[in-house]
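This report walks a new reader through selected parts of a structure, from helices and sheets to single residues. Please keep the sequence and the model at hand while reading.

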Protein chains: 2
Amino acid sequence: MTESLKPGSIIGIFGGGQLGRMLALAAARLGFLTHIYDPDEAPPAGQVAYKTTQASFSDISAIKKFAQSVDVVTFEFENIPASAIDAAETICPVHPGGAALAASQDRVLEKDFLNGLGLKTAPYLAVDTEADLEAALQQIGTPAILKTRRFGYDGKGQIRITGAENLATLMASLEGAPAILEGFVDFSAEISVIGARAIDGQVVCFDPGENVHKAGILHTTTVPADLSFQQRTDAVILAGHVLNALNYVGVLAVELFVTPAGLVVNEFAPRVHNSGHWTQNGCATDQFEQHIRAIAGWPLGDGQRLADVVMTNLIGDEISQFSNHAADPENCLHHYGKAAIRAGRKMGHINKVSAKSSA
Amino acid sequence: MTESLKPGSIIGIFGGGQLGRMLALAAARLGFLTHIYDPDEAPPAGQVAYKTTQASFSDISAIKKFAQSVDVVTFEFENIPASAIDAAETICPVHPGGAALAASQDRVLEKDFLNGLGLKTAPYLAVDTEADLEAALQQIGTPAILKTRRFGYDGKGQIRITGAENLATLMASLEGAPAILEGFVDFSAEISVIGARAIDGQVVCFDPGENVHKAGILHTTTVPADLSFQQRTDAVILAGHVLNALNYVGVLAVELFVTPAGLVVNEFAPRVHNSGHWTQNGCATDQFEQHIRAIAGWPLGDGQRLADVVMTNLIGDEISQFSNHAADPENCLHHYGKAAIRAGRKMGHINKVSAKSSA
C-alpha cells in the first residue's frame, strides 16, 4: 500500500480546465499544493494553483520534469496520450492508473470490458471499413449511432444513422478514424453514478443523479433521480463492480440508461464528472475532495446526500447572467474563470439546493 | 451605488493568512481573480491566489501599485495602518471602509462607538498613566483586565488584575502603549454573530455560534448556541444595528457575552472571523463568499443554517493529526497550508456536521 501523502505535498494534474480547477480548490482545503500541466497559456485551473506548466502532452521531457516536481499525478480528462501517462508513471504514482484510462479511451475496448464483467451495454461492432459498416448495420439494425472509437466528448464525433444514409459518405466523414456502430437503446432516463475507490479498496458511491442533455451537452443533473429503490441499489452496486474490477484509485463516473430490461451502461469516465458537480453542495465531501483523498491515500469522505440538488450547466453566453443567479437564496454558484465565451463551452454551473426529500 | 464587479475582476486582499486564503478560494468559485498583499514571502493565501505582492504595509508606493492592479481592496485583519488604507482608497474602492477599521482598531473608540449606539459593553476607562490606572481601578474595581488599546489579538496584550499587583510594574509592562482598563463581565457564555451588509444596504446574519476558548485562543464554535429564542433574536438584531450604523460593506463579526442582564458586546471585528468558519459546511453561502459578494456589489447569499456544526481549531502540532480526522464521516477538513508549525499558531480547523436540530 502506498503511503498517504502529507499536507504540503504537491498534486500534479494533467489538464487545467474546470475539472482541474475544482480539483485544485478541493486539494487546497486539505492543505495540498497543486501543479497544473496544460498546453494552454492561461488555463482556468492556473488561477488557483500553486504552479502551472505550459507544455504539450507529446513533450515527454516536459512530462518527466513535471512528474519529478510532484508527489502524485492525476488527470482531469481521459484523452491523454498513453505515452504521457507512461512517462509520468516511471517517475511517480499516477492515479487512476493507465489500465482504466486505456479501457475508457476506446469505445470498443470499453464495451468489451463492461460485457466481460457481465454488465449490459448497447449492442456494438467495430467498424473499420465500409464493408464492416454494412455488416454491422445488418446485424444491429437502425436507428444506430456511428461513433469514432477514440477522442469523442459532448456528442462530438457521433452520427445517428436512420437507414437512408449513403455508407460511403458516412465512412468518408470519419476521415479514416476507427469507429464503432452502436445499437439504439430505448431508455426512459439517463442517470450517472459517481463512485470513488481508495488505495486500500474502500468504495464510496454518491446517490445516482438524473441527467438531461441539450444539443448533446449535459444540461441538468437532478438528485435524487426518479428511481425505484431496486434501481438505485443496482446502479450503486454496478459502479462498485466497475471500480473493483479496474483496481481503481480515484473518482469514476458511470453513465447508465434506465430501461424496462434493467440498467444498461452507456460509458464510464475515469475522472470527476460534470454529472457529479451537485455533490459540491449536497454532500459533506464532494467528488473533487473525494478524488484528492483517494489519490493521496487518505480515508474517503461521506457520500451521503444531505440535500436535494438540481445542477444546471451555464453554456456559452448563459454565463453573462451569472451574478443575477446570486439573488436566489437556493443557488450555489460555480464559475470556471474562463475569459473567452464560446458557443457550447462550459462556463460555470449552478447548484440549486433544497431540503432533502425522502428518496 | 457602486457598480457590481463582473467575474474576471481582480480582488485585492491585504493579508495572506488563512482568512485571506479562504477568501481567495471563495472568490474563485465566483470567477474572481485574487491578488494578495502580504509582507511575508510565501503567505498561505498565495498558494491559491492569482498573484501575490510581497511588501510592507508601510510601503505606500507598493500599496498604490497594488491598488492600481485590482478592482477592489479588502483585508483579512484589522491591524492595518490607516495610512495603507488611505493610500489604497485614493485609487480604488476599499471595503469595508476606513471608518469601521478605525473604530475597531482602538478599544476605547470601539467601546465609545458601541455605547453611543445604546449597546452594553463592559465598564471601561482609558489608561495612559499610572495615575489613570489607579483611578480606573478605583472606579471599575477588580477583577479587571488591562489591555493595550491597539494591536491585540488572541489574548495578546492583556493582563488580568486581581488587585494585588504593583501598578508601576503593570504600567511598565505596557512599554508606553496606550491602554484601557475593562471591568470584568460575569457571563455564562460567549457567542458571536457573523453578519454581512451589501452595498445596497441588504443585511444577512448567520445564526449565533457559541465560543469556547483555550489558553486565550478560540477552541470551538458550536451552532446552534444554547440560547433562548429571545437571546438569539436580540443577538442578530444587535449585529444588524452595528452593520447599519457603520454603513458597512462586507462581513463583520460581533462577539457577545451572555449575561443575566442581557447581551454585552465584547468587541467586533471588521472582517471574516474564526468563529464563522462553521458556515463553510453549515450554510449554502459561507462567510467568505458572503464577504466577496458584498464587496463585489452582488446580492448576498442565504444565511440560513442547514446543519448543526461544531468547529474545532487545530492549533500548533494538533495539525499533525489532520488526515486522521478524515476517517470520521461527519468531519469536514480545512487546512491552511502553513509549512511551519508553531505553538499557538492556527493551522487548520474541522467542521463536524450533523443533522440540523430544531433550535
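In helix α4 (residues 98–105) of chain B, the residues Ala100(B), Leu101(B), Ala103(B), Ser104(B) and Gln105(B) are buried, where buried means under 20% relative accessible area, exposed means over 50% and partly exposed lies in between, with a 1.4 Å probe and protein chains only. Helices (H or I, at least four residues) and strands (E, at least two) are DSSP runs, numbered from the N terminus. The buried residues of α4(B) pack against β4 (72–75), α3 (82–89), α5 (107–116) and β14 (262–269) of chain B, and contact here means heavy atoms within 4.5 Å.

This is a predicted model, in which local features need pLDDT of at least 70 and side-chain atom pairs count only at pLDDT 80 or more, while totals for chains, interfaces and linings use all residues. Residues are numbered from 1 along each chain as its sequence is written, chains are lettered from A and ligands numbered from 1 in the order in which they are written, and side-chain values use heavy atoms, with hydrogens and water left out.

## Strands of chain B

Strand β4(B), one of the elements against which α4(B) packs, has Val72(B) and Thr74(B) pointing one way and Val73(B) and Phe75(B) pointing the other, and all of these are buried. In a regular strand the side chains alternate between the two faces of the sheet. Strand β1 (residues 10–14) of chain B runs parallel to β4(B) and is joined to β4(B) by four bridges, with Ile13(B) having Thr74(B) as its bridge partner; two strands pair if DSSP finds at least two bridges between them.

Elsewhere in chain B, four strands form an open sheet in the order β5-β8-β6-β7, with antiparallel pairing. Its edge strands are β5 (124–127) and β7 (158–161) of chain B, each of which pairs on one side only. On average, neighbouring strands of this sheet are turned by 25 degrees against each other, direction ignored. Within the sheet, strand β6 (residues 144–148) of chain B is joined to the antiparallel β7(B) by four bridges, and Leu146(B) stands opposite Ile159(B) in β7(B). Helix α6 (residues 130–140) of chain B lies across β5, β6, β7 and β8 (179–183) of chain B and runs at about 170 degrees to β5(B). For such angles, axes are lines fitted to C-alpha atoms, for helices over the stretch in contact, and the values run from 0 to 180 degrees between N-to-C directions.

## Two helices of chain A

Helix α2 (residues 60–68) of chain A packs with helix α3 (residues 82–89) of chain A at an angle of about 40 degrees, and their axes are 8 Å apart. The two helices α2(A) and α3(A) are therefore oblique to each other, since angles under 35 degrees count as roughly parallel, over 145 as roughly antiparallel, 65 to 115 as roughly perpendicular and the rest as oblique. On the α2(A) side, Ile60(A), Ile63(A), Lys64(A) and Ala67(A) meet Ser83(A), Ala84(A), Ala87(A) and Ala88(A) of α3(A).

## Backbone and single residues

Most residues other than glycine have a negative phi, and most peptide bonds are trans.

| Cis peptide bond | Omega |
|---|---|
| His95(A) and Pro96(A) | about -10 degrees |
| Val223(A) and Pro224(A) | about 0 degrees |

Pro96(A) is placed in the loop between α3 and α4 (98–105) of chain A, and Pro224(A) lies in the loop between β12 (217–223) and α8 (229–245) of chain A. Asn247(A), in the loop between α8 and β13 (250–259) of chain A, has a positive phi near 50 degrees and counts as exposed at 56% relative accessibility.

By contrast, Asp106(A), in the loop between α4 and α5 (107–116) of chain A, is buried with a relative accessible area of 7%. Leaving aside neighbours within four places in sequence, Asp106(A) is in contact with Arg149(A) and Arg150(A). Gly195(A) in strand β9 (residues 189–197) of chain A is buried with a relative accessible area of 1%, and its C-alpha atom is separated by 23 Å from that of Arg150(A), 45 residues apart along the chain.
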